[in-house]
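Welcome, and please open the model in your viewer. We will go from the whole chain to a handful of single residues, with something to select at each stop.

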Amino acid sequence: MTSPLAFLKGHGTENDFVILPDADNALDLPPALVARLCDRRAGIGGDGVLHVVRSAAHPEARGMADEAEWFMDYRNADGSVAEMCGNGVRVFARYLQHAGHVTAGEVAVATRGGIKRVHLDKDGAVTVRMGRAVLPEDGVTVTVDGRSWPARNVNMGNPHAVAFVDDLAHAGTLHDEPPYEPAEVYPSGVNIEFVVDRGPRHVAMRVHERGASETRSCGTGACAVAVATARRDGVDPAETGTPVTYTVDVLGGTLVITEHPDGEIEMTGPAVIVAEGTVEPSWLAPSA
């Protein structure tokens, strides 16, 4: 790159992202560059990159361009490509509002996990229709420091393993991915949530995000946790005909998750743009 790279920084319940506006999909984003941008000591720092591209300009999103003008090309902090990020899509929509591309109200965002419908409330909250959870029968056993727990398999467009524990400290440091068996259940890796009860329809969680270590929050993970907790509690809105809502505390704040009788899951939480600037070309050079 021969010119400065424009970026913004944003977060949703302290799950933070480097935002790269690139309407025409002109940026080359190899994994090494993404990892450098997300480096908290030598780069900007973030749990991932939100690459903002017009759907019509990206080969993975052209088929969604008629329904969603913008594509969230999401990258994990290690540079790997991910299907979806629940907190990320809220911050992505907030960026579109910040940049004047959309106003408060409804906006459609294309992702590798499908089109997500987002509502930007005038009070600052952002609600995302996250789609339906898939609950495969095969689960895994997660082990940390000699303790093991069964983990529920929940797919929210990306894979999750949800384990209920007595104390969130039992999750350990979460610097590295906790081992699980059988490994073949998640051939491309998995996000692992550890969950404790806080009260009626109120839980707290910690998460190891695939490709990013422990994060302060995970939106798809909070949705997976709410669904897994509801089933553990014997609640299925498809059977009762009544929506169920869980409050999910994450390290960076609180998310409210509602599952409707048709299976649609809504997530509501904050999304904040905190800074914007440029990265110098000399830093971007591979030899830097």
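Below is a tour in short stops, each with a selection and a note on what is there.

**Before you start**

This is a predicted model, in which local features need pLDDT of at least 70, side-chain atom pairs count only at pLDDT 80 or more, and totals for chains, interfaces and linings use all residues. Residues are numbered from 1 along each chain as its sequence is written, and side-chain values use heavy atoms, with hydrogens and water left out.

**Stop 1: the whole chain**

Show the chain as a cartoon. You will find five helices and 18 strands in it; helices (H or I, at least four residues) and strands (E, at least two) are DSSP runs, numbered from the N terminus. The radius of gyration is 19 Å, close to the 19 Å that the globule rule gives for 288 residues, so the chain is as compact as a globular protein of that length. That radius is taken over C-alpha atoms, and the globule rule is 2.2 Å times the number of residues to the power 0.38. Turn the model around: the C-alpha trace spans about 55 × 40 × 30 Å along its principal axes.

Of the 288 residues, 52% are buried. Here buried means under 20% relative accessible area, exposed over 50%, and partly exposed in between (1.4 Å probe, protein chains only).

Contacts, meaning heavy atoms within 4.5 Å, are worth a look too. Among those in the chain with a separation of 6 or more, 62% are between residues 24 or more positions apart.

**Stop 2: helix α1**

Select residues 31-38, which form helix α1, and show the side chains of its buried residues: Leu 33, Val 34, Leu 37 and Cys 38. They cover an arc of only 130° around the axis, which puts them on the same side of α1. The arc is that of the directions from the helix axis to the C-beta atoms. As background, an α-helix has 3.6 residues a turn, so residues three or four places apart point the same way.

**Stop 3**

Most residues other than glycine have a negative phi, and most peptide bonds are trans. The next selections depart from that pattern.

- Select Thr 13, in the loop between β1 and β2. Its phi is near 45°, a positive value in a residue other than glycine. Thr 13 is buried, with a relative accessible area of 3%.
- Select Arg 201, in the loop between β12 and β13 (202-209). Arg 201 has a positive phi of about 50° although it is not a glycine, and it is partly exposed at 43% relative accessible area.
- Select Glu 181 and Pro 182, which are joined by a cis peptide bond with omega about -5°. Pro 182 lies in the loop between β11 (180-181) and β12 (191-199).

While you are in the loop between β12 and β13, pick Pro 200 as well. Is Pro 200 buried or exposed? Pro 200 is exposed, with a relative accessible area of 84%.

**Stop 4**

Go to Ser 217, in the loop between β14 (213-215) and α3 (219-232). Ser 217 is buried, with a relative accessible area of 0%. Not counting residues up to four places away in sequence, Ser 217 touches several others, among them Gly 12, Asn 87 and Thr 13, the residue with the positive phi near 45°.

Finish at Val 118 in strand β6 (residues 114-120), which counts as buried at 0% relative accessibility. Which residue lies 5.2 Å from Val 118, C-alpha to C-alpha? That is Val 107, eleven residues apart from Val 118 in sequence. Leaving aside neighbours within four places in sequence, the contacts of Val 118 include Val 89, Ala 93, Val 107 and Val 126.
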